[in-house]
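Here is a structure to look through by question and answer. Each answer sets a value against a rule.

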Amino acid sequence: MGHLFTLCMGTLLQFCHATIYTNDWAIKVRGDPESVKRIAEKYGFTNMGQIGDLKGYYSFRHQQTANRSTEFNKEVTNHLAKETKVEWLQQQVVLRRVKRTSRRSHVHATDTVTGHLQSPFHQFNLNHTVNVSWPLRNNLWYTSCSETNGCQFGMNILAAWRRGYTGKGVVVSVLDDGIEKEHPDLKPNYDPLASCDVNEQDQDPSPSYSNNAANSHGTQCAGTVAASANNSLCTVGVSFHARIG
């Protein structure tokens, strides 16, 4: 039983790490819309439209190909490649989003005169340097400093604030699953000119929560970057004067 379980687990791990092909192709076509339509229909594709603002690049969906498979559809790709107006094509694969982690590190400031190490918790006391308040300050990993651990993850945020670095004049766009532009933490710094919805082809980046979709990651990232200060709600961003989209 143990050997069988090991074998099954090994097979499962191989599958998890295998390339998963979809039934979508990205394709560059030289020609007018009629040429694109003709090529799509000839090989059983549905033309899903131009890919973003990439002129001449289209998304083709092949209904006779499985939407998830470990096998590359060589036959369909080869047929398309023979078209003289097709300059480039690629069957699309599933990309996995992996959370990046970092070992906890200690950051200390060195006194240039005495050479002694000082804890940034003592040297940069937020309450005495920057007039920022928020209810959950003790729960924020990126500003967490203590006498024993220093500032976590190598991010000496309090020291940066003390020197006046708050993100003023900077605009940041988060490429993720959307952000809640009306969220009270984000609304004061939200920048519509730095925002768009690539999937829906409009200017509203609000995530979709239909079908129990877990699309909150972009909002969380945006809050870490540029949640406004002194909003009496949840958090404060690393660059709380930056504009966010």
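Q: Why is Thr 22 called buried?
A: Thr 22 has a relative accessible area of 7%. Buried means under 20%, exposed over 50%, and partly exposed in between (1.4 Å probe, protein chains only). Therefore Thr 22 counts as buried.

Q: What kind of model is this, and what is left out of the side-chain values?
A: This is a predicted model: local features need pLDDT of at least 70, side-chain atom pairs count only at pLDDT 80 or more, and totals for chains, interfaces and linings use all residues. Residues are numbered from 1 along each chain as its sequence is written, and side-chain values use heavy atoms, without hydrogens and water.

Q: Where is the place of Thr 22, and which residues does Thr 22 touch?
A: Thr 22 sits in strand β1 (residues 21-29). Strands (E, at least two residues) and helices (H or I, at least four) are DSSP runs, numbered from the N terminus. Not counting residues up to four places away in sequence, Thr 22 touches several residues, among them Thr 65, Arg 68 and Val 94. Contact means heavy atoms within 4.5 Å.

Q: What makes the pair Glu 87 and Arg 30 a salt bridge?
A: The rule asks for a side-chain nitrogen of Lys or Arg within 4 Å of a carboxyl oxygen of Asp or Glu. The side chains of Glu 87 and Arg 30 meet at 3.1 Å, N to O. Lys 28, Arg 30 and Glu 87 are linked in a network of salt bridges.

Q: How many salt bridges does this rule give?
A: The count comes to seven.

Q: Is Glu 83 buried or exposed?
A: Glu 83 has a relative accessible area of 8%, so Glu 83 is buried. Its salt-bridge partner is Arg 38, at 3.5 Å, N to O. Arg 38 is partly exposed, because its value is 39%.

Q: Why is Lys 187 called partly exposed?
A: Its relative accessible area is 48%, so Lys 187 is partly exposed. Lys 187 lies in the loop between β9 (171-172) and α7 (217-226).

Q: What joins the side chains of Lys 187 and Glu 182?
A: A polar contact of 3.1 Å joins them. Such a contact is a pair of N or O atoms within 3.5 Å; within protein, one must be able to donate a hydrogen and the other to accept it, and residues adjacent in sequence count only if both atoms are side-chain atoms.
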